[in-house]
Amino acid sequence: MNGGGSRLSNKALIIGAGFLGKKIQSVFSHAGFDISATTLSGKNSIQLDITKKECVESVLSKEEPFLVILAGGLAGVDYCEKNPEQAMKVNAQGTRNVAQACSSIGAEFFFVSTDYVFDGKKGNYSEGDSTNPINAYGESKLAGEKAVQQELSPKEYLIMRVSTLYGYNSENDKNTFVRFAVRQLREGKEVLAAPQITAPTLIDDAANALLEFHKKNCSGIYHVSGKDALSRSEQARKIAEVFSLSPEPIKEVKTIPGWTAARPSNSSFSLKKALSEGIHLSTFEEGLKKLRNYY
Ligand SMILES: NC(=O)c1ccc[n+]([C@@H]2O[C@H](COP(=O)([O-])OP(=O)(O)OC[C@H]3O[C@@H](n4cnc5c(N)ncnc54)[C@H](OP(=O)(O)O)[C@@H]3O)[C@@H](O)[C@H]2O)c1
């Protein structure tokens, strides 16, 4: 990649230090990078709304990063379905604003995208497979990917698509399916599991993958997820097994009450391209075992 910002800078800017962004912050800090991070709220970080073009330009000019990682935006699938215009504004136009600002200062740009750019009819998706989102979130993220590809040349960006994130930063983490299922099963409470197949991705693996991609000068699109493509009920059963809990409260259902947006049936990835770069990806069992120390 071309790399830029101030050429002497060791600064990486993480935009959207949420669930995944915090892990990226930690992994890059440990690797010796000088890190700045933003959130929408500005809590313990720089305040930045990526829909405000001038603010994006101002933060990038001030921070002078050589690498910008956009791990933020609207990640709530049902929220986006109910607020499609806002989803496009943040995930598409906001991403374009960041890509344009990276282009002006000559910074590398890593964009975190999603398996929901696919319709889920096929599964085992490769990077070159045709996209066809079936909900507003997927549409907005795909529009974000296209904006990146329009604003930057192929060597200047990397798009990492991930699937169903899980992992641990702190007690304040968002309530992922894994965290929810562990809590419910511990209390013997019902866990509803839809037939949807995904490949849960440990946030540590996703953050480390970005570091490796940077070290190896990779660009283009990469699929990064856990090694196992599992239905929600298979995921719940594996959680019960690893945490030594009874699987009895797990109930297979066709849809989950409260889910407004359609979900792809099987949005799992082919991981060949990432694995060929030597990227470490955990099985679901390996990832869950790491979490036993925290949950
Ligand atoms: N979670 C998943 O299972 C999953 C699956 C596939 C792909 N992804 C993708 O992975 C990335 C990270 O997901 P996540 O679950 O870590 O997200 P998250 O926890 O919801 O964090 C999102 C971050 O973006 C910030 N943000 C929200 N709106 C913004 C705006 N208008 N301008 C600037 N920043 C804004 C939030 O700020 P505040 O902290 O102030 O709210 C937060 O820091 C996203 O791009 C998502 O599309 C996630």
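Colleague: Leaving aside its neighbours within four places in sequence, which residues is Gly138 in contact with?

Modeller: First, a bit of housekeeping: this is a predicted model, where local features need pLDDT of at least 70, side-chain atom pairs count only at pLDDT 80 or more, and totals for chains, interfaces and linings use all residues. Residues are numbered from 1 along each chain as its sequence is written, and side-chain values use heavy atoms, with hydrogens and water left out. Gly138 is found in helix 5; helices are DSSP runs of H or I with at least four residues, strands are runs of E with at least two, and both are numbered from the N terminus. Contact means heavy atoms within 4.5 Å, and beyond its sequence neighbours Gly138 has such contacts with Tyr116, Val117 and Pro133.

Colleague: Is Gly138 buried or exposed?

Modeller: The scale goes by relative accessible area, with a 1.4 Å probe and protein chains only: under 20% is buried, over 50% is exposed, and partly exposed is in between. Gly138 has a relative accessible area of 0%, and therefore it is buried.

Colleague: On to the ligand: how many residues surround it?

Modeller: To be near it, a residue needs one of its heavy atoms within 4 Å. Leu20, Ser41, Tyr137, Lys141 and Lys174 are the closest. They split into 13 nonpolar, nine polar and three charged, where Ala, Val, Leu, Ile, Met, Phe, Trp, Tyr, Cys and Pro count as nonpolar, Asp, Glu, Lys and Arg as charged, and the others, Gly among them, as polar. The number of residues around the ligand is 25.

Colleague: How far is the backbone N or O atom of Leu40 from an oxygen atom of the ligand?

Modeller: A polar contact is a pair of N or O atoms within 3.5 Å; within protein, one must be able to donate a hydrogen and the other to accept it, and residues adjacent in sequence count only if both atoms are side-chain atoms. Val112 has a polar backbone atom 3.4 Å from a ligand oxygen, and Ala17 has a backbone N or O atom at 3.5 Å from one. For Leu40, the distance is 3.0 Å.

Colleague: How much of the ligand's accessible area does the protein cover?

Modeller: Accessible areas come from the Shrake-Rupley method with a 1.4 Å probe, and for residues only the protein chains shown count as cover. On its own, the ligand has 910 Å² of accessible area, and the part the protein covers is 83%.

Colleague: Which element gives the most to the shell around the ligand?

Modeller: Helix 1 (19–30), strand 5 (108–114) and helix 5 (136–151) are the elements that give two or more residues. With three residues, the top contributor is strand 5.

Colleague: Staying in that strand, which side chain joins that of Ser113 in a polar contact of 2.7 Å?

Modeller: Ser113 lies in strand 5 and is buried, with a relative accessible area of 2%. Residues it touches, not counting those up to four places away in sequence, include Lys141, Ile159 and Met160. The side chain at 2.7 Å belongs to Glu145.

Colleague: Whose backbone oxygen does the side chain of Arg179 reach?

Modeller: Arg179 sits in helix 6, residues 177–186, and is buried at 4% relative accessible area. Among the residues it touches beyond four places in sequence are Ser170, Glu171 and Tyr295. Its side chain reaches, at 3.3 Å, the backbone oxygen of Asp173.

Colleague: Last one: how many disulfides does a search of the whole structure find?

Modeller: A disulfide is a pair of cysteine sulfur atoms within 2.5 Å. Cys218 is in none either, with the nearest cysteine sulfur, that of Cys102, 18 Å away. Across the whole structure, the number of disulfides found is zero.
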